[in-house]
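Trainee: I've got a model open and I'd like to learn how to read it. Can we walk through it together?

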Amino acid sequence: MISVAEALDRLFALAPVLPSEDVPLVEAAGRVLAHPMLTRRTQPPFSASAMDGYAVTDATPGATLTVIGEAAAGSGFDGPVADGQAVRIFTGAPVPHGATRIVIQEDVTRDGDTITLGETLDQGTHIRPAGGDFGRDFTFAAPKRLVPQDIALLAAMNHATLPVTRRPVVALISTGDELVQPGEDPGPDQIVASNTFGLHALLRDLGASPRILPIARDNPDSLRFVLGLVDDADLVVTIGGASVGDHDLVAQVAGEMGLERAFHKVAMRPGKPLMSGRLGDAMMVGLPGNPVSAMVCGHVFLAPVVRAMLGLGAHPAARRTAPLADVAPANGPREHYMRATLGPDGIRIAANQDSSLLSLLAASNALVVRPPNDPARNAGDRVAYLPL
Ligand SMILES: Nc1nc2c(c(=O)[nH]1)N[C@H]1C(S)=C(S)[C@@H](COP(=O)(O)OP(=O)(O)OC[C@H]3O[C@@H](n4cnc5c(N)ncnc54)[C@H](O)[C@@H]3O)O[C@H]1N2
Ligand code: MOO
């Protein structure tokens with residue numbers, strides 16, 4: 001059995017960075033920008049007024065000035081403003097030549113074409129200098145998963161489309177005679193397939209494009225048939241049938257179909273029967289069927305693989321640390337991902353760690369990571385965890 005770190009390295013070796021495609025701005029949020037973007041504008045492109053008021057060369061309290069014209073956003077005032085003069089100006093308008101400050105209209109009394117400045121004026125110039133937000137060589141760095149404020153910035157830089165990494169297409173295949181789809185009528189010995197849906201949600205959040213294929217039954221023909229439907233998937237994920245039972249056929253059938261196996265079995269809990277390799281043009285990961293095992297492997301392995309394919313680098317899932325709320329017994333020889341709840345008094349590991357308990361997983365907000373053979377820990381000891 002290999003370690004989790006070794007398994008991740010082998011997975012990264014199978015995961016190519018996908019090519020980029022151009023998408024309009026309105027479809028770019030949540031996508032990963034593939035290349036750095038040089039601005040096509042400075043912002044603001046001219047010195048601009050930050051207030052509604054009067055552009056003047058100087059502001060002496062009580063002075064009387066003649067209004068010679070108007071500058072609005074979208075149509076500036078042609079020509080300079082001289083001493084003794086003022087230009088009526090609105091927020092966002094270009095500041096006329098010669099003006100050094102804007103006197104806000106609240107500080108001014110107007111009578112026809114004459115204004116009188118108040119006795120107390122605020123000190124700000126209320127002028128936004130040209131290029132004050134970003135200049136001509138401003139570059140937006142990549143790779144980066146784009147959030148709404150990035151989209152606003154890239155729009156202001158005058159980019160209508162953005163190059164983003166293609167979404168990894170992930171085919172999700174549940175295996176088992178016992179499974180029916182949610183909403184169907186299960187027979188007495190059947191259960192509802194849940195893993196595909198949990199993983200679909202996880203993958204979609206990560207920026208992948210997951211597809212749920214039909215359930216493969218526990219016979220080689222059915223599994224071969226469904227594996228033949230993966231089409232152009234970048235990543236094929238099977239769920240279940242990964243262990244050693246008579247009905248655990250994934251390794252055998254994938255092997256017959258040409259799987260170049262990278263590993264089978266990882267020293268972790270849950271998730272031990274994990275397997276991976278290359279199947280045709282796609283990368284394949286065989287997840288264990290136990291629902292918590294499948295979801296934990298999703299967080300520990302599939303999430304980093306998808307991020308690597310998106311060009312975000314080959315990194316394990318980010319860990320944090322927190323103090324234990326309670327004692328924790330010594331760990332065995334496998335890295336243990338323990339369902340836990342992080343609260344104000346520290347992180348509390350659930351008493352029951354059975355890998356079938358979805359209700360417990362849903363009530364958890366963290367996976368405490370215990371290294372192999374970690375000794376018993378006291379309350380207050382800091383431990384590593386993955387946030388859920
Ligand atoms: N003799 C041994 N038995 C088992 C071992 C072992 O080392 N020796 N490993 C155990 C571990 S650990 C795990 S994990 C399971 C994983 O086995 P499989 O990957 O072959 O999974 P299945 O047997 O197909 O299913 C296990 C369990 O999960 C349910 N399941 C399967 N798919 C889904 C799905 N899509 N949605 C919801 N639930 C699903 C399935 O009905 C079973 O209850 O093997 C242990 N056994
Ligand atoms: O690895 Mo199994 O995934 O322990 O339940």
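Trainee: What share of the contacts in the chain, at a separation of 6 or more, comes from residues 24 or more positions apart?

Mentor: A contact here means two residues whose C-beta atoms, placed from the backbone, lie within 7 Å. In this chain, residues 24 or more positions apart make up 70% of the contacts with a separation of 6 or more. Keep in mind that this is a predicted model: local features need pLDDT of at least 70, side-chain atom pairs count only at pLDDT 80 or more, and totals for chains, interfaces and linings use all residues. As for labels, residues are numbered from 1 along each chain as its sequence is written, while chains are lettered from A and ligands numbered from 1 in the order in which they are written.

Trainee: Which domains does the chain have?

Mentor: Domain bounds come from an automatic or database domain assignment. Here it gives domain 1 (4-17 + 167-309), domain 2 (20-43 + 132-165), domain 3 (48-128) and domain 4 (320-387). The centres of domain 1 and domain 2, over C-alpha atoms, are 34 Å apart.

Trainee: Which residues of helix α1 are buried?

Mentor: Buried means 20 or more other C-beta atoms within 10 Å of the residue's own, exposed means 12 or fewer, and partly exposed is in between, with C-beta atoms placed from the backbone. Helices (H or I, at least four residues) and strands (E, at least two) are DSSP runs, numbered from the N terminus. In α1 (residues 4-14), V4, A7, L8 and L11 are buried. They fall within an arc of 100 degrees seen down the axis, so they line one face of the helix; the arc is that of the directions from the helix axis to the C-beta atoms. Their cover includes α6 (291-309) and β25 (335-343).

Trainee: Which residues are around ligand 2?

Mentor: A residue is near a molecule if its C-beta atom, placed from the backbone, lies within 6 Å of it. For ligand 2 those are R269, P270, G271, K272, P288, N290, S293 and S355. Around ligand 1 there are 26 residues, with G240, A242, S243, P288 and G289 coming nearest.
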